[in-house]
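Subject: Structure for you to look at

Hello,

Here is the structure I promised to pass on. Please open it and keep it beside you while you read my notes.

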Amino acid sequence: FTVVGIAIAVMGMLVYILLIMIAKVVLVIYAGALLSRMIRGHIIVDWKWTIAGSLVTFLIMLIPFLGWLIMIALFMITLGALSHTLYKRRGEVGVM
C-alpha cells in the first residue's frame, strides 16, 4: 500500500458515500414528482410532494420481501442516474 493509493481510496469512498446520501434524497423527490404527475397530470416538485414521495417509499418498504427488492432497484436506478449525470457534467463550472 502506498500513501497516495490510500488517500485516493479514502477520497473515492467519501465520494461514494456522498452519492449514496444524495441518491436517497433524489429518490424521494423523484417519487413525489411521479406521484404529482399521476394525481395532477403534471410534475410538481415542492415540499408537499416530497413528503408524499417519502411516505410512498416508506409504504413500499413495508411490503414484505417484495418492497425491499423494489426499493433496492429504485435506489440503484437513482444512484446510476445521478452518477451518470455528474459524469456527463464533470467539465462544467460548479460541478465537482
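Start at the end of H1. The residue that follows H1 is Gly-41, and its phi is positive, near 95 degrees. Keep in mind that this is a predicted model.

**The whole chain**

The protein chain has three helices and zero strands. Along the sequence the pattern reads α-α-α. The C-alpha trace spans about 55 × 35 × 20 Å along its principal axes.

How does the radius of gyration compare with that of a compact globule of 96 residues? Such a globule would have a value near 12 Å, but the protein chain has 17 Å. Buried residues make up 20% of the 96 residues. Residues 24 or more positions apart account for 42% of them.

**Helix H1**

H1 has 38 residues. From its first C-alpha to its last, H1 reaches 55 Å, close to the 56 Å expected at 1.5 Å a residue. Several of its residues are buried, including Leu-19, Ala-23, Leu-27, Val-28 and Ala-31. Gly-32, Ala-33, Leu-35 and Ser-36 of H1 are buried too. What covers the buried residues of H1 includes H2 and H3.

Val-15 also lies in H1. Is Val-15 buried, partly exposed or exposed? Its relative accessibility is 42%, so Val-15 counts as partly exposed. Now find Pro-64, which is 49 residues from Val-15 along the chain. The C-alpha atoms of the two are separated by 32 Å.

Phe-65 sits in the loop between helix H2 (47-61) and H3. Phe-65 has a positive phi of about 60 degrees, although it is not a glycine. Its relative accessibility is 67%, so Phe-65 counts as exposed.

**Helix H3**

Check the length of H3 yourself. At 1.5 Å a residue, its 23 residues should span 33 Å. The end C-alpha atoms of H3 are 33 Å apart, so the two values agree.

Which residues of H3 are buried? They are Gly-67, Met-71, Phe-75, Thr-78, Leu-79 and Leu-82. The buried residues of H3 pack against H1 and H2.

**Where H1 meets H3**

Helix H1 (residues 3-40) and helix H3 (residues 66-88) pack at an angle of about 115 degrees. Their axes are 9 Å apart. The crossing of H1 past H3 is right-handed. On the H1 side, the contact is made by Tyr-16, Leu-19, Ile-20, Ile-22, Ala-23, Lys-24, Val-26 and Leu-27. On the H3 side, Met-71, Leu-74, Phe-75, Thr-78, Leu-79, Leu-82, Ser-83 and Leu-86 take part. The residues of this contact divide into 13 nonpolar, two polar and one charged.

Look at Thr-78 for a moment. Thr-78 belongs to H3. Why does Thr-78 count as buried? Its relative accessibility is 11%, and buried means under 20%. Which residues does Thr-78 contact, leaving aside its neighbours within four places in sequence? They are Ala-23, Val-26 and Leu-27. Those three residues also belong to the H1 side of the contact with H3.

Best wishes

Conventions. Residues numbered from 1 in each chain as written. Predicted model: local features only at pLDDT ≥ 70, side-chain atom pairs only at ≥ 80, totals over all residues. Heavy atoms only, no water. Axes fitted to C-alpha atoms, helices over the stretch in contact; angles between N-to-C directions. Helix = DSSP H or I, 4+ residues; strand = E, 2+ residues; numbered from the N terminus. Left-handed = near helix turned anticlockwise from the far one by under 90°. Contact = heavy atoms within 4.5 Å. Nonpolar A, V, L, I, M, F, W, Y, C, P; charged D, E, K, R; others polar. Buried < 20%, exposed > 50% of the residue type's maximum accessible area, 1.4 Å probe, protein only. Expected span 1.5 Å × (residues − 1). Rg over C-alpha atoms; globule rule 2.2 N^0.38 Å.
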